[in-house]
Amino acid sequence: MMYKNTYLEKMGELLKHVMDVANDIEKAVKELTDDENIKEMFRSDVEYIMDKFYGGDITVEEALNNLSMLKIYAISQLDTHYKRIVDVLDDLEKKIKKLKKEVSEGVVADVVEYIVKTVESAERELKG
């Protein structure tokens, strides 16, 4: 049986997309706020720098400079960026609330009336 409903298809796409985005946001927030994960990121960065130095890819000055920048970042910027996550989530929440308000009014009656008339007209044409 054939059934065509573009609105329903788009609704399904929206639901899937929203859930994917919500899951991606949740994963990213958890990655960026988990203490052990943060420690591992910086430990891994230090290891990478040391490997590059011992592999001859960078000089001791470059290695020391990069290590210094990591330390300075941790001291001066990490907490600021950590708190920025809350700001980003607050902005997202505001946008979602605005969309909810716009949608909460429901379907306008004349939209439903238009759809019914369009379908009934096609039915009459088919019935002859």
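Residue V18 is found in helix α1, which covers residues 6-33, where helices (H or I, at least four residues) and strands (E, at least two) are DSSP runs numbered from the N terminus. At 41% relative accessibility, V18 counts as partly exposed, a class that lies between buried (under 20% relative accessible area) and exposed (over 50%), with a 1.4 Å probe and protein chains only. The model is predicted, so that local features need pLDDT of at least 70 and side-chain atom pairs count only at pLDDT 80 or more, while totals for chains, interfaces and linings use all residues. Residues are numbered from 1 along each chain as its sequence is written, and side-chain values use heavy atoms, with hydrogens and water left out.

V18 also belongs to a nonpolar surface patch together with M1, Y3, Y7, L8, M11, L14, L15 and M19, and the accessible area of this patch is about 1,100 Å². Patches are made of residues with over 30% relative accessible area and no salt bridge, like charges being joined within 9 Å and nonpolar side chains (Val, Leu, Ile, Met, Phe, Trp, Tyr) within 5 Å; accessible areas come from the Shrake-Rupley method with a 1.4 Å probe, and for residues only the protein chains shown count as cover.

Side chains of opposite charge can pair when their charged atoms come close. The structure holds 10 salt bridges, each defined as a side-chain nitrogen of Lys or Arg within 4 Å of a carboxyl oxygen of Asp or Glu. One of them joins K30 and E26 at 3.3 Å, N to O, and because these residues are 4 apart in helix α1, K30 and E26 are separated by about one helical turn. E26 is partly exposed, with a relative accessible area of 41%.

Helix α2 (residues 35-54) has 20 residues and should span 28 Å at 1.5 Å a residue, which agrees with the 29 Å between its end C-alpha atoms; the expected span is 1.5 Å times one less than the number of residues. Within this helix, E47 and R43 are 4 residues apart and therefore separated by about one helical turn, and their closest N and O atoms are 2.6 Å apart in a salt bridge. E40, R43 and E47 are linked in a network of salt bridges. Just after α2, G56 takes a positive phi of about 80 degrees. A further salt bridge, at 3.6 Å from N to O, is formed by the side chains of K52 and D57; K52 is partly exposed at 27% relative accessibility, whereas D57 is exposed at 51%.
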